[in-house]
Amino acid sequence: MPATATLSSLAGTGAKRERPRRTRTKNVSHRPVLVLSGLPVQEFDLEPGTERLICPDCRTWCPITGVGTPKLVPHDQRPGQRCTKGSNRRVAVDVTAENWRVAMDGLVRDAAARRSRRQFHKPLPAPATPLHRMNRPTAESVLATYRAHRRQCVACAGRGGCVTGADLARDYARLEKQERVARLQAKPMPRRRAAEWAKVTPRVKSASIRRVRDELAATLRQINGDLDRFERTQLDLRITELTETLWWSL
């Protein structure tokens, strides 16, 4: 009667009984016995009260239960999936806790004595030269290539032209302009000359803008004329150059 009253009182208060820490089951696996002496020392733990080992099938730490017949407790190899091969497998504890501690201490000393190999840091190699800087063409070389192409190309020998010739002519005009601007920027100007130039700069700029506008208007009027492919390419290139010059002059 008192026991019944105690259980009813516990159920009424909502208290839960402590679940046993070790799984109690009479099932025993038919697989061969696991011998601890045949396993690596770091794969099992023989501390009193926490005996366990790594399951050879699923590689998870599993407690060892049972006094007369030690075996692995039923465990999961991943959430929701039972390890059927390793559960309830018998274990032969033929290693004492003292011998296991000595072996583990030896492993710890060996790991502490090992040193990593010396690192030799080599200097970083210089960055490779970009492709656009390798054998960078000049306006003179492009002009020589264009003249050689004109002598060999049948389409460029007459009034017409080909796409390759038009591309070479466009590259020559672009490189020649870049080199001319670079030469002007690299040449130093005396102070007296700079002061004189500063006085006439507005008038020169206005005259340059008017000249570029007149040339651009005259070039645009030529579009409706009878032009071949090569002349049309040169005309488009000149219109682009004049437009850029007018834009930067404003």
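Visitor: Why is Gly161 called buried?

Guide: Gly161 has a relative accessible area of 15%. Buried means under 20%, exposed over 50%, and partly exposed in between, with a 1.4 Å probe and protein chains only. So Gly161 counts as buried, at 15%. This is a predicted model, where local features need pLDDT of at least 70 and side-chain atom pairs count only at pLDDT 80 or more, while totals for chains, interfaces and linings use all residues. Residues are numbered from 1 along each chain as its sequence is written, and side-chain values use heavy atoms, with hydrogens and water left out.

Visitor: Where does Gly161 lie?

Guide: Gly161 is in the loop between helix H4 (154–157) and H5. Helices (H or I, at least four residues) and strands (E, at least two) are DSSP runs, numbered from the N terminus.

Visitor: What makes Asp45 buried?

Guide: Its relative accessible area is 12%. That value falls under the 20% limit, so Asp45 is buried. Asp45 belongs to strand E2. Leaving aside neighbours within four places in sequence, Asp45 is in contact (heavy atoms within 4.5 Å) with Thr50, Glu51, Arg52, Trp61 and Trp100.

Visitor: How do you know that E2 and E3 pair?

Guide: Two strands pair if DSSP finds at least two bridges between them. E2 and strand E3 (residues 52–54) have two bridges, so they pair, in the antiparallel sense. Phe44 stands opposite Leu53 in E3.

Visitor: Which strand order does the open sheet have?

Guide: The order is E2-E3-E4-E5, four strands with antiparallel pairing. Strand E2 (44–45) and strand E5 (71–72) stand at the edges. Each has a single partner strand, so one side of each lacks a neighbour in the sheet.

Visitor: What lines the largest pocket?

Guide: The largest pocket has a volume of about 720 Å³. Its lining holds 21 residues, and the closest to its centre are Arg180, Val181, Leu184, Arg211 and Thr245. Helix H5 (163–186), helix H6 (191–221) and helix H7 (229–249) each give two or more residues. H6 gives the most, with eight.

Visitor: What makes a space a pocket?

Guide: On a 1 Å grid over the protein atoms alone, a pocket is an open set of points where a 1.4 Å probe fits, with protein on both sides within 12 Å along at least five of seven lines. Lining residues have an atom within 4 Å of a point. The volume is the space filled by probe spheres set on the points, which are joined across faces, edges and corners.
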